[in-house]
Each structure stands twice: as C-alpha cells, then as structure tokens.
Amino acid sequence: MNDMSPAGGAAALDVAIAHKDHRSADGRALRALDDLRLTLPIGQAGALVGPSGCGKTTLLRLIAGLDHDYAGDIHLPAHGRLGMVFQEPRLLPWRSVADNIRIAAPEASEDEIAALLDELSLGEHATHYPGELSLGLARRAALARALALKPDLLILDEPLVSLDAALARALRDKIAALIEEKRITTLIVTHDIAEAIALADRIFLLSPRPARVVATLDIATPRGRLSKEAAETLEAQAREALAAARRQPS
C-alpha cells in the first residue's frame, strides 16, 4: 500500500518509503529502498548523493509518480505540480525548442517562453530542432520546458552528467541562479559531492542498495557564498558518512 498526494497547505516534500522491491528474472524480490525517509522544506533545493546503483533514480521515479509499486507515503509540496529533467533531454526531435516548451506547457504565454529561453541563453536556438543542439543546449532546453510548467517541485536527474568541465560549471551556475531566483522546491540527483554542495540547501546521503538516508547535511550559507574551506569540510563529512555506510553489513 502507498499514498502519494499533494501536501495541500503543507510546506515540505515528505517521503517515507517503508520498502520498494524489484523482481529478478527468476521472480525473487530484490529490495531497492528500505526505510528511506527525507523531508525537504518548501523553496529549498535538496541533493541525493549515493553510490552508483544504490536506487537514486528508483526513488525519483516514485516521487515523480512514474512507479506506484512501493510501500510508504509520499507527499508533494503545495498542489503537486511536477517538472522533471531526465538524464537524457527527451525532447521531441520533430519539434523546435520553442515548440517543445509550448507542447509541454500550453498555459505558458509567448512572453514567458521567450523570457525562459533568454534566461537559459537559448534565445537564438528557439527555432532549432533537438538534433541541431549540443548536449549542453539540449539539457538547457529540457530545463526550460520543465520550468515553463511553473512546478511546485522540480526534479533534476544528473543534470550535468556527460558534460565537459566548462559546460558543466556553466550549467551548474545557471541552475543555482534559477533556484535562488525562483525559490522552487528542487530535488537533484548527483554522484558529485562538490556539485551537491554548490547547488543544495540540504544533502541526503544514501547507503548502498537497499538505499536509505544515512546522513543529512544542512548548508546554512547561501549558494555562492560558501568559503572554500567550509565546502571542503562539508565534502569531507559527506565522504566519511558514505564510507561508513559502505562498511556496514547489508
């Protein structure tokens, strides 16, 4: 049994997964998530960090409502309107960048779409097709499409993966600025602790499969103002918590 519903007047994303199982080819139950709990206050950015294959994307699918086969409760903030950016941009290849946004967000005005394209440095690419875009530009287009929905919760699944260092840094800074400006509750999956520290207000550190939250790090300093020393201290704390989780018997 599970319950997934908008939180109405509640001011947080609340997740309490008792367990989530997958089925192996021979029918055995393989536990993916176990007693996983997290809370993300409204308007904050949270980052999920854990080892490869621990269940981060599985958790995102549950929160996004793409998988209802789990035991537990998920309460989305406000009215539960969701915007999601997948690892692959998933743009319609036969539609222009602007049309991809119009189709996903028919209530968005032309002025709003133009403003989003400008904010993400996509103005000159509005009429281009996805096949004409680099991966970095396609990721920006996917982000613009998600933001055009005016979501109560924005989910970003590895938004910087496979980008070279310069492009990743530029997109990270753009995402951080948008989070700060729009104050959308945002949940980010990343394998990069430094990336999580740069983007998040709260970091949820996950154990190896079956995933659970082994530690939560709150970052009180506003984005962009954290000193190098403070960031390095947070990164060391995160690495130690993840290492301790790996040492525990499954």
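1. Let's start inside the fold: the largest nonpolar core has 37 residues, and Leu143 and Ile175 touch the most other members. A nonpolar core here is a set of buried Ala, Val, Leu, Ile, Met, Phe, Trp, Tyr and Cys residues joined through side-chain atoms within 4.5 Å. Buried means under 20% relative accessible area, with a 1.4 Å probe and protein chains only. Two or more residues each come from helix H2 (97-104), helix H3 (110-119), helix H4 (135-148), strand E7 (153-157) and helix H5 (165-182). H4 gives the most, with nine residues. Helices (H or I, at least four residues) and strands (E, at least two) are DSSP runs, numbered from the N terminus.

2. A word on the model before going on. It is a predicted one, in which local features need pLDDT of at least 70 and side-chain atom pairs count only at pLDDT 80 or more, while totals for chains, interfaces and linings use all residues. Residues are numbered from 1 along each chain as its sequence is written, and side-chain values use heavy atoms, with hydrogens and water left out.

3. Which residues does Ile175 contact, leaving aside its neighbours within four places in sequence? They are Leu143, Leu156, Pro159, Leu160 and Leu199, where contact means heavy atoms within 4.5 Å. Apart from this core lies another, of 27 residues, including Val15, Ile17, Leu59 and Ile155.

4. H5 deserves a look of its own. Its 18 residues reach 26 Å from first C-alpha to last, close to the 26 Å expected at 1.5 Å a residue (1.5 Å times one less than the number of residues). Buried in H5 are Ala168, Leu171, Ile175, Ala176, Leu178 and Ile179. These residues lie on the same side of H5 because they cover an arc of only 165° around the axis, taken from the directions from the helix axis to the C-beta atoms. Their cover includes strand E4 (45-49), H3, H4, E7, strand E8 (185-190) and helix H6 (193-199).

5. Now the two ends of H5. At the start, a side-chain oxygen of Asp164 comes to within 3.2 Å of the backbone nitrogen of Ala166. After H5 comes Arg183, with a positive phi, near 55°.

6. Val97, Ala98, Asn100 and Ile101 are buried in H2. The buried residues of H2 fall within an arc of 160° seen down its axis, so they line one face of the helix. H3 and H4 are among the elements that cover them.

Key
Buried means under 20% relative accessible area, exposed over 50%, partly exposed in between (1.4 Å probe, protein chains only). A polar contact is a pair of N or O atoms within 3.5 Å; within protein, one must be able to donate a hydrogen and the other to accept it, and residues adjacent in sequence count only if both atoms are side-chain atoms.
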